[in-house]
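Please consult the following briefing on selected features of the structure. It is grouped by topic.

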Amino acid sequence: MKYLLTLFGALFITLSLHAQKLHVLFVVENEDPNFGLLQLRSEADMLQILEIAEWGLGYKMEVMHLTKQKFTATDLQQTIDSLPTGAKDIIVVYYAGFGLPPTNKKGFFANWKLRDAPTKGLSVDEVAGWLETKQKAQKLHLGLIVSEYSAQSIHSSQRVIDTLGTSIVYRQQVVQKLFLGQCGIVKMGSSRPYEPSWVNKNHSAPLFTESLVRAFERMLMPVDSSALRHVSFGQFHAYASSYLNRYFNDLPISQTPILEIKSCKDSTYSTTIEARPNSVAAPIKVVGGLLNSLAQNKDTLQRHQIKQQLADYFTPDATVRVFRLYGINRIPKPKEYTVETYFNMIHLPSKNPGTQEVIPNMMYLYIGKIETDNTDSKRPLIKQLSVSEMWGNVSH
């Protein structure tokens, strides 16, 4: 009997060691005074998805945090390399922090600003490479990297209306199709490099991660079993993008989430990537989003990068004509600035001329008339821009 108990005990330990696991790494900037609490909200939202995944897969979830002194690229690489993974295991790396220009200028994902990489950042492709190494060694089924870049605030009370099916009987099948049907490395990002990500100030939630939660809820409740064949990270991304876009309505801002998949099926790797929007064809939306981001952003390094991106759309001697509205009051005469002067002052407080109240930030900026210099036929540059700044209590 003693021998049998020892045998069963050894068998139990062996099975436990080889049980499939869902490894979750939260790489979260929670010490920044502006975004600390917000990033914790992001983590809580992401856990909603992962806890359902743990149940649907029947995997054991192990959660680790890289914060404070361990918020470094070195610690992240060492943690990933040392994870005791098996061929069917899944690793999720969730980053919430500042985005920096990508190492590759044509890259679709901003670098991660970490303690040991404060100016250049860590490339998302490098993180993907660490996961691919485990996968090629038959020690990983799926690597999922999610980047939630620090957001600028919008004032929007709108909650997106859900479009759900009526049945919950397919929940487990959806989870298994999504996480087990895809083998390889999946990268999801809240926005393109240099493009701002946004948070709904009224309920303190980053719009991208919140949209992921809403999209996942929608996927879990398909209309019928025929919808299961469409379950994929492509569908997940499409649903999230749809929810995200509905938050903006007529606001002069936008956000473009990114998806990149590197599949390992048939031992070959192929990549599908979300198409890059044609910013030349739609400069008003792009420039408007960057200007609104510059107005909200207080981080010196990020502001410098945003100004560099904006400069590509203007002639060196361009001017900006500014109309300012304070609630229902409007300054009667517009003011005109050189583009450089305007970039340097756009984030500063302003005084309401009617009440003498100092307002720390404008709410929104709308682009009006644009005059361009068409000397360069490939890309007309803005030589004069008219904008309307909204200060105070504006209804949105």
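In strand 6 (residues 117-122), Leu 122 is the bridge partner of Trp 112. Strands (E, at least two residues) and helices (H or I, at least four) are DSSP runs, numbered from the N terminus. The model is predicted, so local features need pLDDT of at least 70 and side-chain atom pairs count only at pLDDT 80 or more, whereas totals for chains, interfaces and linings use all residues. Residues are numbered from 1 along each chain as its sequence is written, and side-chain values use heavy atoms, with hydrogens and water left out.

**Strand pairing**
- Strand 5 (residues 111-114) pairs with strand 6 in the antiparallel sense over two bridges; pairing requires that DSSP find at least two bridges between the strands.
- Asn 111 in strand 5 is the bridge partner of Leu 100.

**Lys 187**
- Lys 187 lies in strand 9 (residues 184-189).
- Its relative accessibility is 4%, so Lys 187 counts as buried (under 20% relative accessible area, 1.4 Å probe, protein chains only; exposed is over 50%, partly exposed in between).
- The side chains of Lys 187 and Asp 125 are joined by a polar contact of 2.4 Å (a pair of N or O atoms within 3.5 Å; within protein, one must be able to donate a hydrogen and the other to accept it, and residues adjacent in sequence count only if both atoms are side-chain atoms).
- Beyond its neighbours within four places in sequence, Lys 187 has contacts (heavy atoms within 4.5 Å) that include Phe 109, Val 124, Ile 145 and Glu 260.
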